[in-house]
Amino acid sequence: MSSPTLAPVFAALADDTRWQILAELGRCDLSASALATRLPVTRQAIAKHLALLADAGLVEPVRAGREIRYRALGARLSETARALEALGAEWDRRLAVITRLAEERS
């Protein structure tokens, strides 16, 4: 996953309400109306948050009869976690090189 594709994910995750929405959707699929009863924001605000989460690939709408429910997409979060792990490993490698060079000069 490259940096440009991570940007929408990080932007989506940068809001506490969206984290709460993802936590709720991690338990079960819910409609915007159901989410609005669980969170201290309006249904309209929930809908906007869901649209941003969907654009980032973190949730998807699923039709259930006449209702649209949203489902969290764990694969996108896992993909993001793997990218962060790879970035962390690269920084660990660089730090080890710097530490080794510093020790050689001591």
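1. Two strands pair if DSSP finds at least two bridges between them. Strands (E, at least two residues) and helices (H or I, at least four) are DSSP runs, numbered from the N terminus.

2. This is a predicted model, where local features need pLDDT of at least 70, side-chain atom pairs count only at pLDDT 80 or more, and totals for chains, interfaces and linings use all residues. Residues are numbered from 1 along each chain as its sequence is written, and side-chain values use heavy atoms, with hydrogens and water left out.

3. Start with the hairpin. E2 (residues 59–64) pairs with E3 (residues 67–72) in the antiparallel sense, over 6 bridges. Val59 stands opposite Ala72 in E3. The hairpin has 2 residues between its strands, and Gly65 takes a positive phi near 70°.

4. Now helix H2, residues 16–27. At its start, a side-chain oxygen of Asp15 comes to within 2.8 Å of the backbone nitrogen of Thr17.

5. Which residues of H2 are buried? They are Thr17, Arg18, Ile21, Leu22, Glu24 and Leu25 (buried means under 20% relative accessible area, exposed over 50%, with a 1.4 Å probe and protein chains only). Seen down the axis of H2, they fall within an arc of 165° (taken from the directions from the axis to the C-beta atoms), so they line one face. On the other side, Asp16, Gly26 and Arg27 are exposed.

6. Helix H5 covers residues 74–105. Its 32 residues should span 46 Å, and the end C-alpha atoms are 47 Å apart, which agrees. Its buried residues are Arg76, Thr80 and Ala83.

Definitions and conventions:
The expected span of a helix is 1.5 Å times one less than its number of residues. A polar contact is a pair of N or O atoms within 3.5 Å; within protein, one must be able to donate a hydrogen and the other to accept it, and residues adjacent in sequence count only if both atoms are side-chain atoms.
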